[in-house]
Amino acid sequence: KGMTTNRETRKSRVFIVPTLKSQLQLTTELASRLQQQRIKVTLCTPNNSGLTQEIITISKKTNSTINNREHINTIKNFCENLYLLALSQLKYRAAPMRSRIKYLRTARDFFQKKKIAKLEISKSQSTHLICFEDGISSPFEYISAAIELKIPVIVVPYEISNHQDFQNLLLEKYADGTLYEVPNSALGQLIRSKHAQWIKTYKRKNFLLFPPEYILAREDIIGELQNPWTVHGGPSSYIAVESENTMRVYRDENIDEKKLVPTGSIYCDLIYEKISEHGDAKRAFENKKKIAPNKTKILVSLPPNYHATRAKFCEFESYSTVWQQLKRLEDENEQLEISVSIHPNTLDSDREVINNLNLNTIENGVITAIPVHDLFFTCFSSTIRWALAAGKPVINYDMYGFNLSIYDNSPGFFSFANFSNSKEKVLKMLNNEYYETQARGMEENRKIWGEIDGRATENIVRLITEHN
């Protein structure tokens, strides 16, 4: 968009590592925009992610390269095996043999993955690695490899979470008995003395999310994870901060201030472009009105089915009942028009339920749908921040009892524990005057969730080119 390219842009090559289906839309937009700015992009297809075919499709669509695994020698050589064996036998000699074998297998696996990652990044001649988080769920073998290659690691966040999400995870795992208690053994003592950041205390007991052998192998081979209990608690060089409020979240999570670079979000650029090309959306955004005066367009984006782990928090016995309630709400109110953005991780059987209700479903992703709707109906989706930035009131039906406080005190954000109160708020919003009052009340705070100015791509390009 009129951005000048220079020698620095042409010299830059980025290696992008998506690991989740929900990161693919951002991967596509990021790769496409960087390629347009003459930054060469290599897309990675991490082993066992199940995303290979989709990433290959994205590479063709964006004219990016795919990481080349051919001719990479993955044979474990004698010296590597000897090193890992010595590490397990000497450093952990006080541990039982079973634990040492488990450690050795895990360490060998990490060592191999990191070795392959290092070779892939080197072959691509990349100058930067981009990932979407750097904590426990990150592509940590690639991050560690990039750090050893002295390549900056940039996190472009795809969602927003904080320690409360990890607290919910802890409680879920405690309830189903899948946490690991810190053992009263040599390994447990090592974790307590050297890697205490992995420990969480609950009901006077010390717990870990992973087995001690896994944690020790990861710390030895991959490197220290500073804070395993937050999404971006890892060793990235920079985090592309989306907004004033996400900056506040990161500071509250004690993330190193030097890593935090305000850039805005590519998703805000997507919204900006959609508003610019859609006359009704532009008028609604500027005048704080509905897209059409005689309709209330509601965009629904609910999480996938968590009844397996969080059914006790939901007022309905089945996931499908929630969708049936929404269909009834639409049928009973002629002025209401519902569109559904189905979460990428939704099970096929649940997709079938939604489709059988004849609800209008959209295929092009939730972000570009936000500016052409009036209301956003969701359950603590990370995309709430984009609805608030776009000036769209949010009705948050906390159907699974997550009880997060991250959006508290945000004008235009209304959270309810039950469907009847959520429905009541939707019906209030049918009144144009009431709706416009809520939308005007959001105006001053829209920018703290995201700047809709079309400049985020430019800022991210600058972050890359200025940090070679």
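Arg462 counts as partly exposed, at 34% relative accessibility; partly exposed covers the range between buried (under 20% relative accessible area) and exposed (over 50%), with a 1.4 Å probe and protein chains only. The model is predicted, so local features need pLDDT of at least 70 and side-chain atom pairs count only at pLDDT 80 or more, while totals for chains, interfaces and linings use all residues. Residues are numbered from 1 along each chain as its sequence is written, and side-chain values use heavy atoms, with hydrogens and water left out.

**Salt bridges**

- Side chains of opposite charge can pair when their charged atoms come close.
- The whole structure holds 24 salt bridges, each defined as a side-chain nitrogen of Lys or Arg within 4 Å of a carboxyl oxygen of Asp or Glu.
- Arg462 meets Glu458 in a salt bridge of 3.2 Å, N to O; Glu458 is partly exposed at 26% relative accessibility.
- These two residues, Arg462 and Glu458, are four residues apart in helix α21, and are therefore separated by about one helical turn.
- Helices are DSSP runs (H or I, at least four residues), as are strands (E, at least two), and both are numbered from the N terminus.
- Asp280 and Arg283 form a salt bridge in which the closest N and O atoms are 2.3 Å apart.
- Both Asp280 and Arg283 belong to helix α12 (residues 279–287), where they are three residues apart, about one turn of the helix.
- Asp280 is partly exposed, with a relative accessible area of 33%, and Arg283 is partly exposed at 48%.
- Asp256 pairs with Lys258 in a salt bridge, with 3.6 Å between the closest N and O atoms; Lys258 is exposed, with a relative accessible area of 69%.

**Helix α2**

- Helix α2 (residues 24–36) has 13 residues, and 10 of the 13 are buried, so the helix is largely enclosed by the rest of the structure.
- Its buried residues include Leu24, Glu29, Leu30 and Arg33.
- The elements packed against by the buried residues of α2 include β1 (13–16), α11 (266–277) and α21 (456–465).
- Glu29, Arg33 and Glu273 are linked in a network of salt bridges.
- Just after α2, Arg38 takes a positive phi of about 65°.

**Model confidence**

- The protein chain has a mean pLDDT of 92, and 95% of its residues reach 70 or more; pLDDT is the predictor's confidence in each residue, from 0 to 100.
- Over residues 1–5 the pLDDT is below 50.

Methods
Contact = heavy atoms within 4.5 Å. Expected span 1.5 Å × (residues − 1).
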